[in-house]
Amino acid sequence: MYNFFGYFMAVYLIVFGTILGWFIIQLRIENRLLNKNKNSNEGVNLDGT
Amino acid sequence: MFFTLLKKELFVEFRSREVTLSMLVFGLSIILTFALSSNVSPTIIANYAPGMFWLMVLFVAVIGVHRTFSYEKEFDAFSMLISAPIDRGFIFLTKWISGFIFLTIMEGLILIPFFKFLMIDFPSQPWIAIGTTLLINCAIMAIASLVSGIAMRARLSEVLLPILLFPLVSPVLIAATKISGSIMVGDPYSFWKIWLLIILTVIVIFGLVGYTLFDFITEE
Amino acid sequence: MKPFFNNKTNRSGLILIAAMMLFNVWNVIMNTPMVPEQHWAQKIFYIHVPSAWVGFLSYFVVMVAGILFFMKKDDYWDLVGLAAAEIGTVFMSLVLITGPIWATPIWGKPWIWEPRLTTTLILFLIYIGYFMMRTFGGHIERVKRYAAAVGIIAFVDVPIIFVSVKFWTPEIQSHPQVEMAQQPSEILIPFLLSLSIFTLLYVLMLKYRIHVIRINSRVRANV
């Protein structure tokens with residue numbers, strides 16, 4: 001396209017997609033870590049220790 | 001104290017000549033590789049020569065710095081060194097100065113093979129060329145000593161040292177190539193003044209940063 | 001430890017910044033002038049340059065965190081340094097990816113040794129070394145010190161790198177929109193707006209990442 005709209009779209013999609021993806025990945029990591037922590041903590045409590 | 005350390009470095013090397021010898025041989029093989037792998041006429045090689053020279057110096061410096069620091073690693077002499085009640089910035093300074101001396105010696109020996117194998121003319125103003133080369137060695141060694149203080153005690157030290165060193169030293173490489181290139185063709189001082197300033201800036205800044213940070217880096 | 005977005009401030013911050021980013025895009029599409037000969041490609045400038053700004057800002061934060069780590073000997077600053085290094089590298093990667101995409105229509109070829117792109121590339125390579133050292137550096141206490149040192153050295157080198165690259169190929173002009181102050185206000189104001197919004201986004205990302213890294217180290221300590 002002579003008006004270079006394709007390049008514009010590509011850049012905006014890449015940048016915003018990366019930022020969005022970053023947040024999603026961080027959320028998943030956070031959930032996984034907190035669940036792991038919660039499970040191990042519950043295990044500790046059940047033992048009575 | 002400082003001079004004792006420095007004397008130690010130089011005497012260890014003087015006894016075995018391990019470092020300068022390995023640097024020299026490696027440098028020669030790099031020149032050979034350059035000569036064999038270049039498919040171009042002598043005039044074009046003359047254009048590339050400054051870059052090739054400093055590239056070779058950079059590779060050889062990595063070898064040299066690796067050797068001088070791995071001395072200490074061998075018998076865990078480094079731990080003993082840093083437990084001594086000295087200013088640890090001195091360790092950086094001694095590594096810097098001894099590295100500079102080894103590099104300069106190696107360059108002095110390799111100069112003639114370099115010019116003869118690649119069939120390049122000697123520069124017209126030899127003293128200026130020597131002076132700037134010494135300064136550039138100083139700059140390279142400042143950064144190299146600092147980085148090797150960090151990289152040498154890591155696991156993949158042979159790989160980590162060049163990976164960290166080369167991007168950090170790239171302004172020195174650019175400046176060195178420009179300076180040597182200008183001197184080879186006899187350009188006036190004003191052409192390469194800016195590059196000389198860059199080299200001097202690197203020496204001052206990385207010298208200070210290295211001297212300051214070495215204390216923190218080598219804490220246990 | 002609670003999720004980061006359970007906190008009301010953080011949640012409203014996220015919503016606010018998301019809204020601002022959307023507004024930013026709308027603003028760029030609707031309110032900025034169409035530059036002749038560059039058309040839509042020129043509008044890449046409104047997020048390419050702020051990305052670079054955030055990247056360099058982040059690396060500056062790594063240096064400050066390194067200095068503070070050495071001065072205060074507090075592990076918190078190591079967390080800050082790591083988070084800032086990661087986010088900085090993400091944005092620098094974006095710069096290095098969008099740079100060629102921007103350059104192809106403007107310059108005709110994807111890569112030119114333009115001073116700021118080259119500085120970005122060199123800095124990016126330095127930080128690859130940073131992350132390799134974080135992984136292979138050995139004992140964790142030692143690695144924290146080394147990482148702080150590399151962060152300081154890297155940013156101290158930046159002005160030197162930039163000056164030397166700039167004079168390396170003087171015939172290569174910087175990307176067209178260099179002289180910010182001379183830009184007309186229809187370009188300058190949306191640009192500054194985009195810059196501020198990206199900075200706010202960066203602050204949110206940094207705080208979030210520090211939070212996640214902290215959870216990670218606590219979980220590791222528990223196990």
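This is a predicted model: local features need pLDDT of at least 70, side-chain atom pairs count only at pLDDT 80 or more; totals for chains, interfaces and linings use all residues.
**Helix packing and chain contacts around chain C**

Student: How many nonpolar, polar and charged residues does the contact of α4(C) with α5(C) have?

Tutor: Ala, Val, Leu, Ile, Met, Phe, Trp, Tyr, Cys and Pro count as nonpolar, Asp, Glu, Lys and Arg as charged, and the others, Gly among them, as polar. Sorted in this way, the contact of α4(C) with α5(C) has 10 nonpolar, 3 polar and no charged residues.

Student: Which orientation does α4(C) have to α5(C)?

Tutor: Axes are lines fitted to C-alpha atoms, for helices over the stretch in contact, and angles run from 0 to 180 degrees between N-to-C directions. Angles under 35 degrees count as roughly parallel, over 145 as roughly antiparallel, 65 to 115 as roughly perpendicular and the rest as oblique. The axes of α4(C) and α5(C) are 10 Å apart and pack at an angle of about 140°. The angle therefore makes α4(C), relative to α5(C), oblique.

Student: At what angle do α4(C) and α6(C) pack, and which orientation results?

Tutor: The axes of α4(C) and α6(C) are 10 Å apart, and the helices pack at an angle of about 55°. The relation of α4(C) to α6(C) is therefore oblique.

Student: Which residues make the contact between α4(C) and α6(C)?

Tutor: A crossing is left-handed if the near helix is turned anticlockwise from the far one by less than a right angle, and right-handed if clockwise; α4(C) passes α6(C) in a left-handed crossing. From α4(C) come C:D78, C:G81 and C:A85, and from α6(C) come C:K144, C:A147, C:A148 and C:G151.

Student: Which helix supplies the largest share of the side of chain C that touches chain B?

Tutor: This contact takes 26 residues from chain C and 25 residues from chain B. On the side of chain C, α5 (115–136) and α6 (140–168) each supply at least two residues. The largest share, 16 residues, comes from α6(C).

Student: Is C:I160 buried or exposed, and which residues does it contact beyond its neighbours within four places in sequence?

Tutor: A residue is buried if 20 or more other C-beta atoms lie within 10 Å of its own, exposed if 12 or fewer, and partly exposed in between, with C-beta atoms placed from the backbone. C:I160, found in helix α6 of chain C, has 20 C-beta neighbours inside 10 Å and so counts as buried. Leaving aside its neighbours within four places in sequence, C:I160 is in contact with B:P171, B:I198, B:T201 and B:V202.

Student: Where in helix α7 of chain B does the kink lie?

Tutor: The bend at a residue is the angle between axes fitted to the seven residues ending there and the seven starting there. In α7(B), residues 157–184, the kink is about 50° and comes shortly before the proline B:P171. Its position is B:S170.

Student: Why is α7(B) largely enclosed by the rest of the structure?

Tutor: The reason lies in burial along the helix. α7(B) is largely enclosed because its buried residues number 20 of the 28.

Student: Which helix gives the most to the side of chain C that touches chain A?

Tutor: In this contact, 28 residues of chain C meet 20 residues of chain A. Two or more residues come from each of α2 (39–42), α3 (45–72), α4 (75–107) and α7 (185–222) of chain C. With 8 residues, the most comes from α4(C).

Student: What percentage of the residues of chain C count as buried?

Tutor: Chain C has 7 helices and 0 strands. Among its contacts with a separation of 6 or more, 77% are between residues 24 or more positions apart. Of its 223 residues, the buried part is 42%.

Methods:
Residues are numbered from 1 along each chain as its sequence is written. Chains are lettered from A and ligands numbered from 1 in the order in which they are written. Two residues are in contact if their C-beta atoms, placed from the backbone, lie within 7 Å. Helices (H or I, at least four residues) and strands (E, at least two) are DSSP runs, numbered from the N terminus.
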